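Good morning, colleagues. Please take a moment to look at the sequence and the structure on the screen, and then I shall go through them.

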Amino acid sequence: MHLISIRRGATLALLLSISCACAVSQADDASMPSVRIVVGAEADPLERFAASELESMLEKLFSLSVTVGSTLEPTSAATVLLGRPESNPALAAAVGEAWPQLSDQGLLLRRLDSDPATLVVGGGSPVAVMWAAYELGERSGIRYLVNQDVYPAKIPWTEWPQLDVTMEPNMRVRCWRLVNDLPNGPVSWSMEENARFLRQIAKMKYNRIHCSLWPVQPAVQYTFGGMPKPPGMLYFGLRHPIDDDMVAPEKFPGMDVFTNPELVGAASPDEVRHRFTALVRGILDEARKLGMETGLSIQPFEWPKEFADVLPGSEGARQLGSVTAGPGKNQSMDDPLLREMVATIIRAYIATYPHIDYVILGMPEHRSWSGQAAGAYEKLVSHYGADLGGYEALCQRARDRTSFPGGGGRVEMMVKGDLSSLWFFDSLVREKQLLSRPGGGPDVKLVYNGVVAELRPLLNKMVPPGGELLSFIDYTASRVLNQREMIQAVPHDHAPATLIFTLADDNVGVLPQLATGSLHALMGDMRDDGWSGFYTRYWTVGDLDPTVHYLARASWQASLTPRQAYEDQVRNVCGADAVEPAVEAFEMIEQITLGLDQHGLGFGFPVPGMMAKHYNSGGLSESLKQDHQQYRRTRALMDEAHRLSRPAGRSYTEYFVERLRFADRYLDAAEAYGATSVAEKAGDTEEARRQIELAYQAIREALQAYAGVAKDHGDLGAVALMNEYCYRPIRDKRNELK
């Protein structure tokens, strides 16, 4: 929470602008006041980095000359004491016994009664010191976005304001997922794009990342049964050609098939694996430099389908691309080959990335290993002393949860599949010590990810020391909110519990989404019930600046509302005039998202057939037509916000304007493509030609709008896949009807 002793709610920039209203605004460099940032001579590298970052921020904010050193400078107009008492002797002497009790995540901003004016920027650990420096920047009017910083106009400096602020988080785990495997997400980011994003979320005090790795990716290599792991692939093996007959080909230099930029020009599978492994290691290294914890999300119960030749009993897994296999429905949990296969996979990941803090064990999305469930239940309940009321009662409770996509039958299958996987993995870890590091040191900590909610009382007893539970309740935030009893039912007496926050769902897909209001309600429930934090789930990140800002601030300020966060971001990025239309637009996108969560799951899922299905169905449903009109109204509001924005914020509003233009024209294309089918079936060739021409023009304009504001290769991945799955089918039908 915030504890602010003076002028609550005022920003540092406002205080300074008031205090210097009568000051001379024109001064040459020689007459600029100087500020000395004092950091300990033996300070942690992260504290020294924080000092250099603060130096840069202050010089961009104010007319100042800033220096950094380990000694006080008596001639300076003001001083910053940065660090902790144990790392900075000058800070320890100045603060003395008045240093507050801070956790390792707690931070402090305090003006001391001294001459020259002195400001303490400190924390309970090196990373908290860095967060304190960025907090000072934010209170000075800087806003950190996912791809850039936006500064207020530079003003003269007079003195530090009266600040006495201590902060502790109410969500101690604030984790971002990176890599993953749909082309319209971070798996397509270059190392530079990953590093930029990590720097931005570090400024917002997010403190953990995990790289979500898929079984067929070139992120790891191993041999089983004499067979090396086949050459790795991205995007579940789906290809998205780049050529001149597409929209915006100039956005993809050097590519003939869309891929991560780090892989362009790789001449062999070995080189692809080397480059991709280097990318993942680079992400983990960069996060550690910024004081973040790191983890790998892996799925050891799936492997490339080619291994079925040396692993009898395994069966093809139900997953996009059909490129993996897993345990067969009735495969024995004692199968020695199966046990060695899973052990081989886990060892390979830990050997390849030995410095991770956590391994996050994922359950298959579509469970099939169900035939051993009853026996696994008896073994687990007996070993851990858990009481789940009996196997049949457990299955009945699962069948009763009919709100989950696929109904209660799918939940029951998840229960059965997870029981088999949990007993198998738990016994395997104990038998083979799979969490040990190849070079020694403490074991990698285990996070159980996505185990069905009905098994959490059991899972709570199973997690080894230092481990955690990560829950996935449903695909979208609003659907989780409709099952709030699942939040309240989580036991916390043994392992910290975290929840997957879906910021934007791939089932809704390529359309702009915001789920901030639903996440706000979930955070309130989680605070009440003792949850430790959240992991983000998303694909395209460019739309999410408002939500990212809200989550960052609300993790420290429980009273913050989404509207307050929206207003704060827009006011400081775009100016006061843009606040009303922009915030109204964001709230309308939230309302559209709530509707799509109920009637639009699967609408924009970025896979083959995503546009063809609208041809087959004859166009948009009535609900989707209403969403279309809402997107149009939202775009008009964002156009107004863009017109009213100050120059520094115009790229912020422009992105939303063009994303909403994309949504409008994409829906136009889907409707016209469906109308083409209707006209063809009626034998009206002229009307079919008219409709396909409308669809053709609409999809081209949609993709041009999106490509024109692409922030990263995740955005460009969306453009590439929609060229293949949306533009080319419409183009081909147009050519056919000509």
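The lining of the largest cavity comprises seven nonpolar, four polar and four charged residues. Please bear in mind throughout that this model is predicted. The volume of this largest cavity is about 100 Å³. Among the 15 residues that line the largest cavity, those closest to its centre are Ala504, Gly509, Leu511, Gln513 and Thr540. How many cavities of 30 Å³ or more are there? The count comes to eight.

I turn now to a pair of helices. Helix α20 covers residues 650-681, and helix α21 covers residues 685-708. In general, the packing of two helices is described by the angle between their axes and by the distance between those axes. For α20 and α21, the angle is about 160° and the axes lie 7 Å apart. Angles over 145 degrees count as roughly antiparallel, and α20 and α21 are therefore roughly antiparallel to each other. The crossing of α20 past α21 is left-handed. As to composition, the contact of α20 with α21 contains 18 nonpolar, three polar and eight charged residues.

Finally, the chain as a whole. It contains 22 helices and 24 strands. The radius of gyration of the chain is 27 Å, close to the 27 Å that the globule rule gives for 738 residues, so the chain is as compact as a globular protein of that length. Along the principal axes, the C-alpha atoms of the chain fill a box of roughly 80 × 70 × 50 Å.

Thank you for your attention.

Terms used: Residues numbered from 1 in each chain as written. Predicted model: local features only at pLDDT ≥ 70, side-chain atom pairs only at ≥ 80, totals over all residues. Heavy atoms only, no water. 1 Å grid on protein atoms, 1.4 Å probe; cavity = no way out; pocket = protein on both sides within 12 Å on 5 of 7 lines; lining within 4 Å. Points joined across faces, edges and corners; volume = space filled by probe spheres on them. Nonpolar A, V, L, I, M, F, W, Y, C, P; charged D, E, K, R; others polar. Axes fitted to C-alpha atoms, helices over the stretch in contact; angles between N-to-C directions. Helix = DSSP H or I, 4+ residues; strand = E, 2+ residues; numbered from the N terminus. Parallel < 35°, antiparallel > 145°, perpendicular 65-115°, else oblique. Left-handed = near helix turned anticlockwise from the far one by under 90°. Rg over C-alpha atoms; globule rule 2.2 N^0.38 Å.
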